[in-house]
Amino acid sequence: MDFLLLAKRCEDLRADTWSPWYYPKKNDSTTYSLQRVVTEAIAYKGKRFKSRYALQAVRAMYTKRSNDECCDFWTKIERSLPDDVIKSMTKGYVAACEYRRGNKQKAREMYAELGDWLSVVDCMDSIPENKYDKLDIGLKYAPNSKSIQNYVAGQIFLWERYGNCSWMWDYKTEEAITNYKKLMKICHRTARNPQVKDKSFWWYSAAFMADRFDKTNDAINYIAMAERTCKKTDFLERIKIMSIYFQAKTRRCNENFDGWLYNKLTWLDKLIKRDASDENGMITCSLYDLSGNISFFYCHDMMRKIILGEVCPKLMKSGRKIRAMQLANYADNSLINYTKKVRGWDGEVVGETTMEVYRATCKVNNYDFSNAFFWLIDSAGVDNVVKYVRLLRNPQTEFDRFISKNSYYSDDYFNDIIGTQMLRNMRYAEAEKYLGKVSYGYQKRLNTEVYVNIDPFSCQWRKRKVTNDAKYEFAVKMNALERALKTIKEPNRKAESMLQFALGLKKSFSEAWALTYYYKGENYLWRHDALPIEERMETVSALKRAEKMENTAFAMFTDDEAAAYMHSLYVGHYDIIAERYSHTKIAKQMLSTCDNYKDYLVKRK
């Protein structure tokens, strides 16, 4: 209790000196009280709290700027104190007093022994402005400082996180790139320093940075050196995982590739399950962020980097789209199959539940329609998706079974995606088949519902009667119209059906775009790399077809009244009615009710 009271009194007095209104003078009350703390602390003769009392004495001396007294006291007691964190804290204050006395070299040595490299830099006669030049100085004096390793790891993390972000310009400037190259050289040089004990950390860091600069061969050599010099089992696992990443980057996608990948993924999967099952893993799982697939598990996040960053693009390039979809599903969904608690897109923990419950009860599924797997199946071609789903249901090989076991499967999810892509490709009979298998009301869990319920068969922008199966109903009507066009012989009826089909086709790629797509904008997965709807190949093809059908249909009419009525539905066609069909009943009706039509008549005169 006596010690706690003394420590509290010391801290209160030290806090008084921090006030901007405190002006020290000889024998003022604060200085006098601090001297009493020194006297009482030094007077302690016991052993149990000796280092703690010494710390309070040194703090008080440091605060009242008794630098000589502090350094002399430290010289007397240093050897008698146990080597623990209390002694290290005390030594930091003594080093500051040495600096005040002008003993900068002594201060630098003491800070270096503590691993306090930033204070080492502050004790230099000339302090550089560049942070990596400061780091270089710190490494010269404290090459084994843990705080330096933490600082370097933090710098690399920031570069990896923001280096590819389009809005983080500070990480893309020429100065920033030059600085990171300097950091890579520092890592490489430190790894070769004979004074450094933990060389594996520096080789690992050098490998990571070399890879960022596309120096893959150098990175492979560095990671091999890291594995050779590593003495920690847990860090050795990380090094081996990074080595797998480099192998995935450089291996050819040949007949041996699947066997190699299967072997590595099964090993990684065991590590992921192990990490997710212990107590710390369960705590980490509670932080799982569904909106960004951020797991905070190194093994899992590196597996995703390997598969989504290297393997899938390589498979897509070689034409193996189905295998790429298999692996993307595994990468995005394997860990959440093991976890019991997940965090929703708004940061709220979604209870002690599985993803199945989340998917069934969430108002908006902000995960399954915004991850890398969805992005891939939405762009790989509908026929490939059909083949993939068939393989997911009936895996053929051991590798297929391993992937399928750890993947996500839902009839509603895949039937909705396939049906939507069939609509996008104007294959309405097949769209009706797949969308007919989707559970009633499934579209309510999609955040595109408001656009789905825009009436695709109205020339005006208006909402249709809200239903739970808008896509299916659209597919049924378009399929019926398409079949009717093949059988109708009477020209006016055929023209009307053709215009209705063309209107539905055009609107499903414009105002009612959610019938054929899941997203409209250019930003996808936080990257500005998706084409806007109007520039996408399927949209261009559909709109060309719609325009051609409209021209054909209007030319097909033999009944002027029917033609005039259909033209009246199109706001931009009033001039055609005024020019060709002014004698019809619909034209006369418009003359009495429509000011826009009267304007066209005036223009003709």
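These points concern the cavity, the nonpolar cores and the cysteines of the structure above.

1. The coordinates come from a predicted model, and every remark below should be read with that in mind.

2. The structure contains one cavity of 30 Å³ or more, and the space in the largest cavity amounts to about 60 Å³. Its lining is formed by D416, L435, V438, Q443, N468, D469, A470, K471 and Y472, and helix α25, which spans residues 470-487, contributes the most to that lining, with three residues.

3. The largest nonpolar core has 137 residues, of which L265, L327 and Y413 touch the most other members. Helix α11 (residues 199-212) supplies the largest share of this core, namely nine residues.

4. For the cysteines, the count of disulfides comes to zero. The cut-off for a buried residue is under 20% relative accessible area, and C10 counts as buried because its relative accessibility is 0%. C230 likewise counts as buried, because its relative accessibility is 14%.

Note on methods:
Residues numbered from 1 in each chain as written. Predicted model: local features only at pLDDT ≥ 70, side-chain atom pairs only at ≥ 80, totals over all residues. Heavy atoms only, no water. 1 Å grid on protein atoms, 1.4 Å probe; cavity = no way out; pocket = protein on both sides within 12 Å on 5 of 7 lines; lining within 4 Å. Points joined across faces, edges and corners; volume = space filled by probe spheres on them. Helix = DSSP H or I, 4+ residues; strand = E, 2+ residues; numbered from the N terminus. Core = buried A, V, L, I, M, F, W, Y, C linked by side-chain atoms within 4.5 Å. Buried < 20%, exposed > 50% of the residue type's maximum accessible area, 1.4 Å probe, protein only. Disulfide = S-S within 2.5 Å.
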